[in-house]
Amino acid sequence: MISWLRWRSVLMTCVWLLSCAAGPTAAAAEPAASTRSGQDYPSRPVRMLIPFAPGGGSDALARIIAPRLTDALGQTWVVDNRGGAGGNLAAEIVVKAAPDGHTVFLGFATVLTVNPALYKLSFDMGRDLAPVTLLATAQYILVLHPSVPANTVKDFIALARQKPGAFNFSSGGAGTPLHLAAELFSKRAGIQMVHVPYKGGGPAAAALLAGEVQVLFGSSASSVPQVKAGKLKALATTGLKRSRVVPELPTLDEAGFPGFDVGTWYGFLVPAKTPPPIINRLRDAAIRTVALPDVQKVMAAQGLEVETSTPQELAIRIRRETAMWAAVIKEAGIKGE
């Protein structure tokens, strides 16, 4: 019996993959009545679209939760990495999929809130994707090379104002989260720093360690070990609440920048017009999954903190951050690469 169930699952997955390769049919454009009510959802394997290549943060999170979602919903969750166009390729695949909950986007903050201002898109992130829930968040950490004679945010700002353009900050490229966080900080602090883009967050962090640059808004996962080893100097985190990873550090909000709330986050979204009962079932399964202790342990090792939301709360967050980054991008004259 167990062998038959295993082969049945494999067969259904193969049939589903072949149907995906053939493209959506007219019959798939609208979900069936039973699917609209959520009664039989999911009725086949669920494809989770990841906007980047294997090996990154999105991919790691997807592979942590996919097996647990399979257990929770009784259908296989297939991780589908579709990197390209800054994450827009994966988003577009979801936008064009049938609104039946069997194609899910593991959305990344930058793709959803920054890309609309950097790229000319054939679709609308806010209109064509329906939020399900927030899954996890990660704050950034403002770190300095030890050679910089400043130990607090206030000290660093005073130093930077005395020497406009004397400090360089690194990022993973123009328009990336680390770049935008530094631009927003510079704007709010009234200082001038020089942007030095690198090809990825790893090289950007390595440049700071080597002293090629003096400032970085880094990820918790990569920065905290270097801070604890005394190789970098941490000044503050970028969320409204202190980070569970480094609770001893003040937030920029506490350091004189009220409302400064910048970081990365991940959430589930589905095609617009997906029936609410399906969204609710998917949301419930996702929230139960990230609440599992072993899942939270693995996520914490990646510098992620579990945070969930209602669809409405996620929609509000996307709108707010989209407007904020559009203003920063326009003022800084940033162009998509």
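Arginine 127 counts as exposed, at 55% relative accessibility (buried means under 20% relative accessible area, exposed over 50%, and partly exposed in between, with a 1.4 Å probe and protein chains only). Its salt-bridge partner is aspartate 128, and the closest N and O atoms of the two are 3.0 Å apart; a salt bridge is a side-chain nitrogen of Lys or Arg within 4 Å of a carboxyl oxygen of Asp or Glu. Aspartate 128, by contrast, is buried, with a relative accessible area of 16%.

The model is predicted, so local features need pLDDT of at least 70 and side-chain atom pairs count only at pLDDT 80 or more, while totals for chains, interfaces and linings use all residues. Residues are numbered from 1 along each chain as its sequence is written, and side-chain values use heavy atoms, with hydrogens and water left out.

**Salt bridges**

- A search of the whole structure finds 12 salt bridges.
- Glutamate 254 and arginine 242 form one of them, with their closest N and O atoms 3.0 Å apart. Both residues are in the loop between strand E8 and strand E9 (263-271), 12 residues apart, and the pair links distant parts of the chain. Helices (H or I, at least four residues) and strands (E, at least two) are DSSP runs, numbered from the N terminus.
- Glutamate 254 is partly exposed at 47% relative accessibility, and arginine 242 is partly exposed with a relative accessible area of 39%.
- Arg47, Asp80 and Arg82 are linked in a network of salt bridges.

**Glutamate 305 and its surroundings**

- Glutamate 305 is found in strand E10 (residues 305-306). This residue is buried, with a relative accessible area of 13%.
- A salt bridge joins glutamate 305 to arginine 244, with 3.4 Å between the closest N and O atoms. Because glutamate 305 lies in strand E10 and arginine 244 in the loop between E8 and E9, the pair ties together parts that are 61 residues apart in sequence.
- Arginine 244 counts as exposed, at 58% relative accessibility.
- The backbone nitrogen of arginine 244 also lies 3.0 Å from a polar atom of the glutamate 305 side chain.
- The side chains of glutamate 305 and serine 243 are joined by a polar contact of 3.4 Å. A polar contact is a pair of N or O atoms within 3.5 Å; within protein, one must be able to donate a hydrogen and the other to accept it, and residues adjacent in sequence count only if both atoms are side-chain atoms.
- Not counting residues up to four places away in sequence, glutamate 305 touches Leu135, Ala136, Thr137, Ser243, Arg244 and Val245 (contact means heavy atoms within 4.5 Å).

**Methionine 48 in strand E1**

- Methionine 48 belongs to strand E1 (residues 46-50) and is buried, with a relative accessible area of 0%.
- Although methionine 48 and alanine 66 are 18 residues apart along the chain, their C-alpha atoms are separated by 8.3 Å.
- With neighbours within four places in sequence left aside, the contacts of methionine 48 include Ala62, Ala66, Trp77, Val104 and Phe268.

- Val153, Phe156, Ile157, Leu159 and Ala160 are buried in helix H8 (residues 153-162). They cover an arc of only 165 degrees around the axis, which puts them on the same side of H8; the arc is that of the directions from the helix axis to the C-beta atoms.
- The buried residues of H8 pack against strand E4 (129-144), helix H9 (177-189), strand E7 (215-219) and strand E8 (233-237).
- Exposed residues Lys154, Arg161 and Gln162 are carried on the face of H8 turned away from its buried side.

**Helix pairs**

- The axes of helix H3 (residues 57-73) and helix H13 (residues 293-301) come within 10 Å and cross at roughly 175 degrees. That makes H3 roughly antiparallel to H13. Leu61, Ile64, Ile65 and Arg68 of H3 make the contact with Asp294, Val295, Val298 and Met299 of H13.
- Axes are lines fitted to C-alpha atoms, for helices over the stretch in contact, and angles run from 0 to 180 degrees between N-to-C directions. Angles under 35 degrees count as roughly parallel, over 145 as roughly antiparallel, 65 to 115 as roughly perpendicular and the rest as oblique.
- The axes of H9 and helix H14 (residues 311-332) come within 10 Å and cross at roughly 80 degrees. H9 and H14 are therefore roughly perpendicular to each other. Among the residues that make this contact are Leu180 and Leu184 of H9 and Trp325 and Val328 of H14.
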